[in-house]
Amino acid sequence: MASFGATTLSDIAFTTNQTGFISGNNGTLLKTSDGGTSWQPASTPLSGTNAEFRDIEFVNAQVGYVTGFKYATPTIEGFLLKTTDGGNTWQYMTLPSYAYYTLSFSSENKGWLTYENYLIKYSTPQCPTIPITITNSCCSIFESVKSGN
């Protein structure tokens, strides 16, 4: 069994039967190329920081997203990172700064993110450049309905 010390792991996603990623706290994003026998740190703009990588998902072997938040006194800043080369490099996608917890993508450019009691619809066809600035019709924020209310 692999040991990751004091790191708390939060999600896992495989792109093939051999290649996978684990997200965790303290800027931890790990990659395996041997079916999980060994894990190596993946380089991101947030490697080695206090970032909490919460959720990771790939829509195919090349395109994936990881979301979470980092502590920035006196606030928490959310982030969404995207890879288009199988996790070799990751770029920031510009979003409103909330503490994101989960994500789900149906294609490379369409997905949903959650934070607190909100749901964000993420769509990029109207904003084809990278990084994607969330303005106008690129991102819609919906307030969720709490059960029992």
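Strands are DSSP runs of E of at least two residues, numbered from the N terminus. By that numbering, Leu 46 is found in the loop between β4 (40–41) and β5. The model is a predicted one.

## Aromatic pairs around Trp 90

Searching the whole structure gives 8 aromatic pairs. In one of them, the ring centres of Phe 21 and Trp 90 are 6.2 Å apart and the planes stand at 85°, so the pair is edge-to-face, the class for angles over 60 degrees. Because Phe 21 belongs to strand β2 (residues 20–24) while Trp 90 sits in the loop between β7 (75–83) and β8 (91–93), this pair ties together parts that are 69 residues apart in sequence.

Phe 21 is buried, with a relative accessible area of 0%, and Trp 90 counts as buried at 6% relative accessibility. The rings of Phe 58 and Trp 90 also form an edge-to-face pair, with centres 6.1 Å apart and planes at 80°. Since Phe 58 lies in strand β5 (residues 52–58) and Trp 90 in the loop between β7 and β8, the parts tied together here are 32 residues apart in sequence. Phe 58 is likewise buried, as is Trp 90, and Phe 21, Phe 58 and Trp 90 form one aromatic cluster.

## The surroundings of Leu 46

Leu 46 has a relative accessibility of 2% and therefore counts as buried, the limit being under 20%. Leaving aside neighbours within four places in sequence, the residues in contact with Leu 46 are Gly 27, Ala 51, Phe 53, Lys 70, Phe 79, Leu 81 and Tyr 92. Leu 46 and Tyr 92 are 46 residues apart in sequence, and their C-alpha atoms are 9.7 Å apart in space.

Notes: Residues are numbered from 1 along each chain as its sequence is written. This is a predicted model: local features need pLDDT of at least 70, side-chain atom pairs count only at pLDDT 80 or more; totals for chains, interfaces and linings use all residues. Side-chain values use heavy atoms; hydrogens and water are left out. Rings of Phe, Tyr and Trp (its six-membered ring) pair if their centres lie within 6.5 Å; planes under 30 degrees apart count as stacked, over 60 as edge-to-face and the rest as tilted. Helices (H or I, at least four residues) and strands (E, at least two) are DSSP runs, numbered from the N terminus. Buried means under 20% relative accessible area, exposed over 50%, partly exposed in between (1.4 Å probe, protein chains only). Contact means heavy atoms within 4.5 Å.
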